[in-house]
Amino acid sequence: MTVPIRILVVDDSMTIRAMLETVFAREPGVKVVGVASSAEEAERMIDQFRPSVVTVDIAMPGMDGLALLDRLVAEGQTHVVMLSSHTESAIESLGRGAVGFFDKRRILSDAKGLVQLIRRAARGSIARNPILS
């Protein structure tokens, strides 16, 4: 039996959080272990849930997703996939240590691509084209 990929979803939008939970719930071997509406809440959940992958929205009130990314990369405990409709932030987030970037506007239309990116992220591999994957 394989160990499921443990995902922590971080997004200030309730709608996006629900969409992500729905997409991941349909996938074998993938389990959402926590959902946070802010970077601060996510920080408190990391040690508790020990996710293999954290999906992080870039634009959030309070601490933004890039600041959370910096902290998670410095700690080295998990792999981070950034999610945003602000695709101009993709290069910056990858340069700061994210293993992938996914356009939030495509969560439902390209759920398969998102799940593939999460699976690669869990292995610690960066996609050949991490912005479009």
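Predicted model: local features only at pLDDT ≥ 70, side-chain atom pairs only at ≥ 80, totals over all residues.
Six residues of α1 are buried: Ile16, Arg17, Met19, Leu20, Val23 and Phe24. Viewed down the axis of α1, these buried residues fall within an arc of 160 degrees, so they line one face of the helix.

## Packing of α1 with α5

Two packed helices are described by the angle between their axes and the distance between the axes. For α1 and α5, the angle is about 80 degrees and the axes are 10 Å apart. Angles of 65 to 115 degrees count as roughly perpendicular, and α1 and α5 are therefore roughly perpendicular to each other.

The α1 side of this contact consists of Leu20, Val23 and Phe24, which meet Ala111, Leu114, Val115 and Ile118 in α5. By class, the contact of α1 with α5 has seven nonpolar residues, with no polar and no charged residues.

## Helix α2

The buried residues of α2 (39-49) are Ala39, Ala42, Met45 and Ile46. Seen down the axis of α2, they fall within an arc of 120 degrees, so they line one face of the helix. Arg44 and Gln48 are exposed, and they sit on the face of α2 turned away from its buried side.

Among the elements that cover the buried residues of α2 are the strands β1, β2 and β3 and the helix α3. Just after α2, Arg50 adopts a positive phi of about 45 degrees.

## Helix α3

In helix α3 (residues 65-75), the buried residues are Gly65, Leu66, Leu68, Leu69 and Leu72. Around the axis they cover an arc of only 155 degrees, which puts them on the same side of α3. The buried residues of α3 pack against strands β1, β3 and β4 and against helices α2 and α4 (90-95).

Val35 is found in strand β2. Its relative accessibility is 24%, so Val35 counts as partly exposed; buried would require a value under 20%. Leaving aside residues up to four places away in sequence, Val35 touches Leu8, Val9, Arg17, Glu21, Glu41 and Met45. Val35 and Leu72 are 37 residues apart in sequence, and their C-alpha atoms are 16 Å apart in space.

Ser84 lies in strand β4. With a relative accessibility of 0%, Ser84 counts as buried. Not counting residues up to four places away in sequence, Ser84 touches Asp57, Ile58, Phe101, Phe102, Asp103 and Lys104.

How values were computed. Residues numbered from 1 in each chain as written. Heavy atoms only, no water. Buried < 20%, exposed > 50% of the residue type's maximum accessible area, 1.4 Å probe, protein only. Helix = DSSP H or I, 4+ residues; strand = E, 2+ residues; numbered from the N terminus. Arc of directions from axis to C-beta. Axes fitted to C-alpha atoms, helices over the stretch in contact; angles between N-to-C directions. Parallel < 35°, antiparallel > 145°, perpendicular 65-115°, else oblique. Contact = heavy atoms within 4.5 Å. Nonpolar A, V, L, I, M, F, W, Y, C, P; charged D, E, K, R; others polar.
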